[in-house]
Amino acid sequence: MLEELQNVLRAKGIPFHAEGNHIRCFPHVVNVAVQTGLAQLTDVDKTIYVDDSMNPEYQSALSNDVVAAARRLVSACRASGQRREDYLSTIREGNSTHAFGESIELPELELLRDVDTRWSSIFLMVDRVLTKTLNIFEAIARFLNDPKHDDLRCHALDQKQMQVLDEIRQFLQLPHVVQELLSAEMTPTLSQALPAYEKLLRGLKGMLAPGKLGKLAHGISASIDKLQEYLLRARPTRMYSLAMSTSDISCTTHSNVLILILTSVLNPTMKFQFLLDNWGATHVLDAEQWLRDAV
């Protein structure tokens with residue numbers, strides 16, 4: 001579409017660069033990277049765990065797709081209006097009898113389904129199931145142990161599945177937090193997109209350090225590779241560089257209006273520092289030239 005727009009505009013004498021104006025949706029890219037990593041988690045290669053850190057139970061939970069198991073649990077508990085009401089009744093009854101502990105009162109929160117096209121929905125689903133501070137899983141256990149829900153007990157998660165799911169939640173939390181920070185802004189955030197990619201990459205790589213989430217390395221690495229792929233595609237996009245730059249380089253123009261527009265949308269707190277720190281001198285020179293062309 002952008003290439004067709006480029007042809008139409010250039011035919012009318014209007015400068016337009018298709019690749020330079022291709023801005024990718026940040027939450028979409030993060031979601032694609034997360035989905036790629038999650039898909040890879042079930043493909044466990046025992047040969048990469050030379051320190052035998054991957055015990056058979058942990059490997060089985062990953063190979064059998066513990067996220068899908070959590071999804072089946074949530075779907076079973078929410079399969080009808082009656083079941084949803086029974087689940088909330090379990091919370092109310094537990095609160096009234098102090099079944100969850102003295103002075104502990106669980107909020108009446110429903111379990112959350114994940115939706116492929118909703119950013120962070122898998123994290124939110126898993127996080128709700130595992131929310132220890134709210135004792136949500138205790139409410140789920142009481143709900144499943146009700147005699148009239150005998151047919152649902154097959155969906156209960158065991159302790160090893162819970163452990164693996166908790167580590168997956170830690171993996172998913174970082175992409176969720178990063179994209180939420182950008183989505184929460186009320187001002188243009190294009191200048192923050194590429195730095196956010198870089199911060200997310202550094203955070204994911206940090207998870208591979210000893211004592212972190214090494215058992216999920218194959219999935220986390222797949223997410224890193226996908227993010228790097230999109231980041232390389234984004235570098236030729238001029239709008240990212242313009243948004244992070246500022247018009248303090250030497251240039252000549254007779255259009256004060258154009259200068260006013262540029263300085264009002266560009267981020268003067270970043271200038272070219274991010275490019276210098278992360279891309280190198282060649283890309284900085286390209287960005288400077290793009291800014292000169294723009295003005």
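**Helix packing**

Modeller: Gln161 has a relative accessibility of 19% and therefore counts as buried, the cut-off being under 20%. The model is a predicted one. Gln161 belongs to helix H8, which spans residues 159–184. Apart from neighbours within four places in sequence, the contacts of Gln161 are Ala61, Val66, Ala69 and Ala156.

Two of the helix pairs may now be described. Helix H4 (residues 66–77) packs against helix H6 (residues 121–130) with the axes 10 Å apart and at an angle of about 70°. H4 and H6 are therefore roughly perpendicular to each other, since angles of 65 to 115 degrees fall in that class. On the H4 side the contact is made by Val67, Arg71 and Val74, and on the H6 side by Ile122, Met125 and Val129. Five of the residues in this contact of H4 with H6 are nonpolar, one is charged and none is polar.

The second pair consists of helix H5 (residues 81–96) and helix H7 (residues 136–144), whose axes come within 9 Å and cross at roughly 115°. The crossing of H5 and H7 is right-handed. H5 contributes Arg83, Asp86, Tyr87, Thr90, Ile91 and Glu93 to the contact, while H7 contributes Ile136, Ala139, Ile140, Arg142 and Phe143. The residues of this contact of H5 with H7 comprise six nonpolar, one polar and four charged.

Methods
Residues are numbered from 1 along each chain as its sequence is written. This is a predicted model: local features need pLDDT of at least 70, side-chain atom pairs count only at pLDDT 80 or more; totals for chains, interfaces and linings use all residues. Side-chain values use heavy atoms; hydrogens and water are left out. Axes are lines fitted to C-alpha atoms, for helices over the stretch in contact, and angles run from 0 to 180 degrees between N-to-C directions. Helices (H or I, at least four residues) and strands (E, at least two) are DSSP runs, numbered from the N terminus. A crossing is left-handed if the near helix is turned anticlockwise from the far one by less than a right angle, and right-handed if clockwise. Contact means heavy atoms within 4.5 Å. Ala, Val, Leu, Ile, Met, Phe, Trp, Tyr, Cys and Pro count as nonpolar, Asp, Glu, Lys and Arg as charged, and the others, Gly among them, as polar. Angles under 35 degrees count as roughly parallel, over 145 as roughly antiparallel, 65 to 115 as roughly perpendicular and the rest as oblique. Buried means under 20% relative accessible area, exposed over 50%, partly exposed in between (1.4 Å probe, protein chains only).
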